[in-house]
Amino acid sequence: MVSARAAHAGDVAGDAVGDSVVAREVAAERAPVVEARDLSLVFQTPDAPVTALSGIDLTIRRGDFVSLIGPSGCGKTTLMRVVADLAKPTSGTLLVNGGTAEQARLDRSYGYVFQAPALYPWRSIERNIMLPLEIMGMPRAERKERAARYLDLVGLKGFERKFPWQLSGGMQQRVSIARAMGFEPALLLMDEPFGALDEITRDNLNVHLLRLWEKTGITVIFVTHSIPEAVFLSSRIVVMSPRPGRILEVIDSDLPRDRDLDSRETPEFLEIAHRVRVALRAGHSYD
Amino acid sequence: MTDAAIPASWKLGAREGVAVPILTVLAVVVVIWYAAAVWLNAPQVAERLDRAGPDWTAGDLVSGAWAMERPVLPAPHQIAVELYDSVIGRPVSSKRSLVYHAGVTLSATVAGFALGLAMGVALAIGIVHVRVLDRSLMPWIIASQTIPILAIAPMIVVVLGNLGFTGLLPKAIISGYLSFFPIAIGMVKGLRSPDPLQLDLMRTYSATKAQTFAKLRWPSSVTFLFPSLKIAIALALVGAIVAELPTGAQAGLGARLLAGSYYGQTIQIWAALFMSAFLAMLAVGAVGLAERGLTRYRGGRL
């Protein structure tokens with residue numbers, strides 16, 4: 001049963017489906033950014049090996065906004081860490097930008113936003129955003145210009161000289177997004193970036209993020225355990241299930257890109273949210 | 001940064017609550033001290049008064065106990081007078097000026113501290129980056145501090161003397177021997193303090209080891225470094241003074257202490273002790289000042 005479902009999910013994912021022929025053609029035109037085939041990861045722990053990922057098949061194409069959703073322990077963060085080459089898969093193949101994940105990391109082809117802002121407290125906001133740029137050897141004038149541009153983009157113009165402790169949690173997380181986008185990677189990996197924030201701030205940042213995605217055409221992989229957040233942001237939603245971590249279903253969203261918070265009350269939105277919820281529930285029935 | 005953002009207690013001068021407790025403690029100590037001086041010096045004073053005749057009062061005993069030339073415990077004002085005479089009353093270049101001796105000890109302290117800092121930091125960097133060093137060096141570093149400095153100081157002096165090194169260097173080495181330890185321990189802790197998230201971040205930038213060190217590990221360690229530095233510089237001073245004892249040095253607070261004890265000049269000993277306490281405060285204060293400056297540069301938090 002498990003394998004049958006996983007295989008089914010794989011088919012769906014592999015095709016990068018749209019219901020219509022047009023959608024499929026459009027999808028096929030866009031180059032794959034992430035291609036995972038039968039990806040598994042087993043952690044060796046002192047008492048027993050833990051299967052964090054099992055038989056993951058997933059294709060993510062350029063310009064997608066893909067959410068990984070599932071209960072805690074379903075391997076969504078692990079999957080993202082594998083894509084980022086922060087963890088090594090035990091078996092299966094993974095291509096990022098057509099090469100290995102390690103190569104993609106060495107090429108600095110993605111920006112990673114962690115669950116916590118992870119700002120360096122001794123650096124001003126501006127210097128925090130400039131950190132990756134310094135490491136990449138960008139000239140000083142250009143660094144300053146970039147930092148200013150991306151601070152503006154996340155709505156924090158004028159905060160250059162402040163220090164992290166002087167900002168609220170939501171503002172800090174926006175800084176960390178600016179930091180990840182500042183070196184203009186084509187792929188943004190976001191690991192529950194708004195998980196620790198209150199709902200009002202979270203809504204606000206969701207809208208922000210959606211506008212950024214629209215504006216920049218960047219590919220985003222987004223880990224969350226909030227159904228409304230996943231549906232609101234994503235062009236595709238990958239529903240995952242724990243023990244072992246696997247993909248249950250990939251749901252494509254045909255909501256228009258220019259959504260706002262009110263879109264969350266439309267029948268189309270609720271319909272997709274319902275499908276996600278049903279898929280998540282199916283995952284739980286295995287336990 | 002607006003002033004409102006800084007808690008009042010951080011500001012310089014917001015110390016109105018500190019003076020009264022400090023002065024109270026000082027007053028209590030002084031009172032106890034005078035009493036102890038009477039108690040400890042009384043037998044000798046009484047003997048002397050007896051020799052002059054049987055007609056002496058308690059007042060004579062007390063004033064005598066506070067004015068002895070070589071008391072068991074000098075009264076505070078005697079020490080104050082000696083300090084004044086040997087600090088202000090003599091030219092700094094004089095061999096009897098306490099400022100001159102303090103200067104000699106301070107130069108050994110600073111040299112030893114610099115040596116300890118370099119060694120402590122180098123050891124910490126090695127231990128954090130090389131697994132073999134972590135396993136092999138740590139036990140030796142800890143063992144080094146279990147040897148009493150008083151036992152090893154003469155050996156160092158003798159060995160270095162045979163090699164032709166005298167003067168500042170042996171003192172600086174003994175001083176550095178004491179001060180490298182807290183720095184090494186603090187730095188190891190500090191260099192390992194970045195959390196996994198901060199380290200992962202560096203990995204996503206495919207930062208080199210050197211970059212991770214310069215931009216993450218080193219700045220993280222500063223928080224741990226300064227408390228260590230304060231302990232280290234105080235220990236460096238102790239080391240410098242101890243080093244002056246077996247070297248037969250003619251100058252320095254240690255030499256002053258030793259000379260004082262040879263000739264039973266307790267007042268001189270106490271004056272030198274107070275001078276060394278003052279030096280320690282000065283040295284620790286200087287480190288604190290550096291810490292404050294760096295804190296300001298880093299946005300108000302270390």
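The points below cover the basis of the model, its domains, their interface and some strand pairing.

1. This is a predicted model, in which local features need pLDDT of at least 70 and side-chain atom pairs count only at pLDDT 80 or more, while totals for chains, interfaces and linings use all residues. Residues are numbered from 1 along each chain as its sequence is written, chains are lettered from A, and side-chain values use heavy atoms, without hydrogens or water.

2. Chain A splits into domain 1 (2-109 + 186-284) and domain 2 (121-184), with bounds from an automatic or database domain assignment. Each domain brings 14 residues to the contact (heavy atoms within 4.5 Å).

3. Between them, domain 1 and domain 2 of chain A bury about 1,100 Å², 76% of it on carbon and sulfur atoms (accessible area, 1.4 Å probe, lost on being put together, summed over both). On the domain 1 side, β6 (187-191) and α8 (199-216) of chain A are the elements giving two or more residues, and α8(A) has the largest share, six residues. Helices (H or I, at least four residues) and strands (E, at least two) are DSSP runs, numbered from the N terminus.

4. Now the strands: β1 (residues 32-43) and β2 (residues 50-61) of chain A pair antiparallel over eight bridges (pairing needs at least two DSSP bridges). Six residues lie between the two strands of this hairpin, and A:V34 faces A:I60 in β2(A).

5. β1(A) also pairs antiparallel with β4 (residues 91-96) of chain A, over five bridges; there, A:R37 has A:T93 as its bridge partner.

Note on methods
Buried area is the accessible area (1.4 Å probe) that two parts lose on being put together, summed over both.
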